[in-house]
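Dear colleague,

I am passing the structure below on to you, and my notes on it follow directly after it. Please read them with the model open beside you.

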Amino acid sequence: MRVVIVGAGTGIGKTHLGVALVRALLEAGEQAAGLKPIESGVGEGISDGELLAGAGMFHVKPSQPYAFARPVSPHLAAREAGVTLELARVRAWVDAHQAPWTVVESAGALLSPLGGGLTNLDLARSLAPDALLLVALDRLGVLHELSACLLALRVLGPDMPVPVVVLQAPAQTDASTGTNAAELATLGIASPVLSVPRGDALGPEVQAAMAPIVAALRHRAGG
């Protein structure tokens, strides 16, 4: 079962969700590998890839296909390093992990560029996921953000699975926080919409919120 995590924006907690999901799968008796094949800003503290790998018990190969020190968009970091991001290389690395579940986090938002004419949506499609998690922050503007992402998926990725939409609690709430999940359903934008609180990804509150996400993914897996 391959799960790809994409975001409606940047800095929205994809790694937080990925770490929580890998641990929740472990607690549910599954073997899962948490992977981040493309990452920038590596070298200052624990990387996102290391956090994902450390959340489960399945061995993750230490050599990320693309890891850049500069904390900028991966396509800029790659350009500065004289490197071209190649989907085939990413796919080969992900394929090398034979865990029953692989949770793969993209770098940046769904349509963030990875190069000329190449985006995270193209990366997600190349990985042929069994399930897709689309993550956004539960804040003002999320109705537009998710509408745009879902439209892009329908037009540019019609072969992709319908995403499981997850709202993460923002650092600063606003008047819309807590109402957006219901509004997304009322407007017919997305349903169901699942929510994850802030806090320790491995803590009891976040882990409790992962149960319906794991259930939704198992349903997609047919079991």
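**Notes on the predicted model**

Helix α8, which spans residues 204-221, contains Q207. Please bear in mind throughout that this is a predicted model. With a relative accessible area of 16%, Q207 counts as buried, because the cut-off for that term is under 20%. Setting aside neighbours within four places in sequence, the contacts of Q207 are A20, R23, A24, A201 and L202.

Helix α1 covers residues 14-27 and lies across β1, β2, β5 (101-109), β8, β9 (164-168) and β10, with a direction at about 175° to that of β5.

Turning to the sheet, six strands form an open arrangement in the order β2-β5-β1-β8-β9-β10, and their pairing is parallel. The edge positions are taken by β2 (32-35) and β10 (193-196), each of which has a single partner strand, so that one side of each is left without a neighbour in the sheet. On average, and with direction ignored, neighbouring strands of this sheet are turned by 25° against each other. Within the sheet, β1 (residues 2-7) and β8 (residues 131-137) are joined in the parallel sense over five bridges, and V4 has L132 in β8 as its bridge partner.

As for the packing, the largest nonpolar core has 41 residues, and I38 and L146 are the ones that touch the most other members. Helix α6 (residues 142-156) contributes the largest share of this core, namely six residues. Another core, of 29 residues, lies apart from it and includes L17, V22, L25 and V196. If residues up to four places away in sequence are not counted, I38 touches Y66, P74, L85, V90, A107, L114 and L123. In soluble globular proteins, nonpolar side chains tend to be buried together.

At least two lining residues come from each of α6, β9 and α8, with α6 giving the most, three residues.

With best wishes

Note on methods
Residues are numbered from 1 along each chain as its sequence is written. This is a predicted model: local features need pLDDT of at least 70, side-chain atom pairs count only at pLDDT 80 or more; totals for chains, interfaces and linings use all residues. Side-chain values use heavy atoms; hydrogens and water are left out. A nonpolar core is a set of buried Ala, Val, Leu, Ile, Met, Phe, Trp, Tyr and Cys residues joined through side-chain atoms within 4.5 Å. Buried means under 20% relative accessible area, exposed over 50%, partly exposed in between (1.4 Å probe, protein chains only). Helices (H or I, at least four residues) and strands (E, at least two) are DSSP runs, numbered from the N terminus. Contact means heavy atoms within 4.5 Å. Two strands pair if DSSP finds at least two bridges between them. Axes are lines fitted to C-alpha atoms, for helices over the stretch in contact, and angles run from 0 to 180 degrees between N-to-C directions.
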